[in-house]
Amino acid sequence: MPRRDISMSPDEIDAFLAANREAVVAATHVDGGTLATVAGYELRDGAIAARLPAGDPVLDALRADDRVCVTIEQFPSYAEIRAVMVHGRATIGSDAPLVEVVVPLGPDVVSFDFAKQALPAE
C-alpha cells in the first residue's frame, strides 16, 4: 500500500509559518553534536528571522558553522501534529541584547501535517 503524502503545500507552509511565533533553532556544536534553543521569529522577505539572546551558545556555533535547521511545530494532539523544518545557511546580525539569525525559505523545506493521514483516499 503506498504511503499517503502528508506534506504541506507551499500555501499551507506560508499560512502555518505566519500563524506561529516560536521556533527551535539548531546548530552543530563546535566539538560535535547538536545545540538547540527556542527563539521567537517572524517571516520577512521569504526568510525566517529568529531572535536569539546575545550570549546563546547556538550563536557561537552558527558563527563557527553557519549550517542551521529551524523547526516550527505544533502538537495539540497526535492527529494534529504539524511541522515545518527549514535547513540552510544562517546570516547572523550584529551583537545586541537580541541577535537576529536569518534563514531563507529555500528548497530545503520539509513539512508534515498528520491530519492528512485521516483524509479519504483520492
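Modeller: The questions below take up the aromatic residues, a helix and a loop residue of this predicted model.

Colleague: How many aromatic pairs does a search of the whole structure find?

Modeller: The search finds two.

Colleague: Why is the pair of Tyr78 and Phe114 called edge-to-face?

Modeller: The ring centres of Tyr78 and Phe114 are 5.1 Å apart, and rings pair if their centres lie within 6.5 Å. Their planes stand at 65 degrees, and planes over 60 degrees apart count as edge-to-face. The pair is therefore edge-to-face.

Colleague: What makes this pair a tie between separate parts of the sequence?

Modeller: Tyr78 belongs to the loop between β4 (67-74) and β5 (82-89), and Phe114 to the segment after β8 (109-113), so the pair ties together parts that are 36 residues apart in sequence.

Colleague: Why is the pair of Phe112 and Phe114 called tilted?

Modeller: The planes of Phe112 and Phe114 are 40 degrees apart, with 5.6 Å from centre to centre. Stacked requires under 30 degrees and edge-to-face over 60, so the rest count as tilted. Tyr78, Phe112 and Phe114 form one aromatic cluster.

Colleague: How do you know which of these three residues are buried, exposed or partly exposed?

Modeller: Buried means under 20% relative accessible area, and exposed means over 50%. Phe114, at 17%, therefore counts as buried. Tyr78, at 59%, counts as exposed. Phe112, at 22%, lies in between and so counts as partly exposed.

Colleague: Which residues of helix α2 (residues 57-64) are buried, and why are they placed on the same side?

Modeller: Val58, Leu59, Ala61 and Leu62 are buried in α2. They cover an arc of only 160 degrees around the axis, which puts them on the same side of α2. Their cover includes β1 (22-28), β2 (34-44) and β3 (47-53), among other strands.

Colleague: What makes Asp56 a cap of α2?

Modeller: A side-chain oxygen of Asp56 lies 2.8 Å from the backbone nitrogen of Val58, at the N-terminal end of α2. The cut-off for a polar contact is 3.5 Å.

Colleague: Why is Asn20 called buried?

Modeller: The relative accessible area of Asn20 is 15%, and buried means under 20%, so Asn20 is buried. Asn20 is found in the loop between α1 (10-19) and β1. Leaving aside neighbours within four places in sequence, Asn20 is in contact with Tyr41, Ile72 and Gln74.

Technical notes: Residues numbered from 1 in each chain as written. Predicted model: local features only at pLDDT ≥ 70, side-chain atom pairs only at ≥ 80, totals over all residues. Heavy atoms only, no water. Phe/Tyr/Trp six-rings, centres within 6.5 Å; stacked < 30°, edge-to-face > 60°. Helix = DSSP H or I, 4+ residues; strand = E, 2+ residues; numbered from the N terminus. Buried < 20%, exposed > 50% of the residue type's maximum accessible area, 1.4 Å probe, protein only. Arc of directions from axis to C-beta. Contact = heavy atoms within 4.5 Å. Polar contact = N/O pair within 3.5 Å; in protein donor to acceptor, adjacent residues only side chain to side chain.
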